[in-house]
Amino acid sequence: MNDIKASHCINVRHIAGAQDDYRISVDFEGNIILLTEQKVQRRYLHKVFHVVNGKINKIELPSVLEAFDFVQPLGENWLLVSARTDKEEGYLRNGTLFGVHGNVLKKFEFDDAIQDVQTTKDSDIWVSYFDENMDSGLRCYDNDGVKTFDYVDFVIQTGRKVPFISDCYALNVTSKDTNIYYYSDFPLVTLNKTGYKIIRNVPIKGSHAFAIKNDLVMFSHGYNHRAVVYLYSLRDKKKKKLQTVNQSGEELKYDYAVGRGSKLFLVKDDDVYLIDMEDEKFVNEYT
């Protein structure tokens with residue numbers, strides 16, 4: 001098995017100090033967004049660190065009752081979303097739009113059991129769901145929170161030529177396409193303004209993130225083998241397994257990955273690494 005080297009991007013503690021929890025997201029231009037959380041009594045303090053060209057933009061938010069799981073830019077503002085809602089507690093509006101100075105601008109209702117949130121340059125809000133919400137699996141909202149797309153409706157419109165989503169394992173929204181990979185058959189489906197494309201029987205099971213460039217997809221580890229990624233050719237349907245290593249050549253047994261566009265970020269403890277399919281070395285070796 002060949003190695004693939006991941007470059008080190010950031011260390012969370014170096015940027016944000018000690019935190020109770022943190023999450024990594026990626027914006028529509030491929031920049032890292034770090035969301036940190038500290039619990040103070042019964043409230044939560046969040047900070048957003050946006051890493052752009054080596055510079056870090058920091059946004060401090062007021063204390064809130066909810067813990068947020070996702071962060072994405074929406075215009076010049078910031079959308080933070082909780083994965084869960086609580087009907088018994090009356091907590092249904094699980095998205096909050098904050099201004100650049102941390103002021104609350106708007107609340108959104110995105111439903112329960114959210115797996116991922118990715119926004120676009122045009123302020124579309126794509127939301128995927130895990131298996132405790134099988135009413136859709138994937139939806140898109142506009143910047144006012146109005147639903148503009150529902151995957152269940154889409155499947156029915158195709159005459160059920162694509163399978164319903166039981167659990168949307170991975171979402172990757174690019175400037176042109178919305179790509180999803182989901183349970184239980186694990187197809188790779190691409191949606192865009194011209195229609196859709198489905199790749200059935202993808203031979204990687206259980207991956208929770210992927211990067212994509214043209215006809216090549218790089219999946220994070222699946223149900224097993226945490227120190228690997230898989231390259232899969234959509235053209236010839238061939239799979240290649242690669243061991244992930246750090247810049248010193250040591251095995252990189254990463255905890256989880258985050259994919260957006262051609263970039264796959266690997267998170268190990270407090271360190272974040274990157275494999276970029278646009279990188280010249282990657283192109284020369286693997287395409």
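Biologist: Which residue stands opposite Tyr-141?

Modeller: Lys-147 in β14. This is a predicted model, where local features need pLDDT of at least 70, side-chain atom pairs count only at pLDDT 80 or more, and totals for chains, interfaces and linings use all residues. Residues are numbered from 1 along each chain as its sequence is written, and side-chain values use heavy atoms, leaving out hydrogens and water.

Biologist: How do you know that β13 and β14 pair?

Modeller: Three antiparallel bridges link β13 (residues 138–141) to β14. Strands (DSSP runs of E, at least two residues) pair if DSSP finds at least two bridges between them. Three bridges pass that cut-off, so β13 and β14 pair.

Biologist: Which sheet holds them, and in what order?

Modeller: An open sheet of four strands, ordered β11-β12-β13-β14, with antiparallel pairing.

Biologist: What makes β11 and β14 edge strands?

Modeller: β11 (114–119) and β14 (147–150) each pair on one side only. Neighbouring strands of this sheet are turned by 20° against each other on average, direction ignored.

Biologist: How much space lies in the largest pocket, and what lines it?

Modeller: About 960 Å³ lies in the largest pocket. Of its 35 lining residues (an atom within 4 Å of a pocket point), Thr-174, Ser-175, Lys-176, Asp-177 and Thr-178 are the closest to its centre. Among the elements that give two or more residues to this lining are β14, β16 (178–183) and β19 (210–213). The largest share comes from β17, with three residues.

Biologist: How does the lining of the largest pocket divide?

Modeller: Into nine nonpolar, 13 polar and 13 charged residues.

Biologist: What is the volume of the second largest pocket, and which residues lie nearest its centre?

Modeller: The second largest pocket has about 430 Å³. It is lined by 25 residues, and Asp-116, His-208, Tyr-256, Ala-257 and Val-258 lie nearest its centre. β23 gives the most to this lining, five residues. β3 (21–26), β7 (70–74), β11 and β15 (167–173) are among the strands that each supply at least two. This lining divides into eleven nonpolar, nine polar and five charged residues.

Biologist: Where is Ser-207?

Modeller: Ser-207 is in the loop between β18 and β19.

Biologist: Does Ser-207 count as buried or exposed, and why?

Modeller: Its relative accessibility is 0%. Buried means under 20%, exposed over 50%, partly exposed in between (1.4 Å probe, protein chains only). Therefore Ser-207 counts as buried.

Biologist: What lies 2.9 Å from a polar atom of the side chain of Ser-207?

Modeller: The backbone oxygen of Ala-209.

Note on methods: Axes fitted to C-alpha atoms, helices over the stretch in contact; angles between N-to-C directions. 1 Å grid on protein atoms, 1.4 Å probe; cavity = no way out; pocket = protein on both sides within 12 Å on 5 of 7 lines; lining within 4 Å. Points joined across faces, edges and corners; volume = space filled by probe spheres on them. Nonpolar A, V, L, I, M, F, W, Y, C, P; charged D, E, K, R; others polar. Polar contact = N/O pair within 3.5 Å; in protein donor to acceptor, adjacent residues only side chain to side chain.
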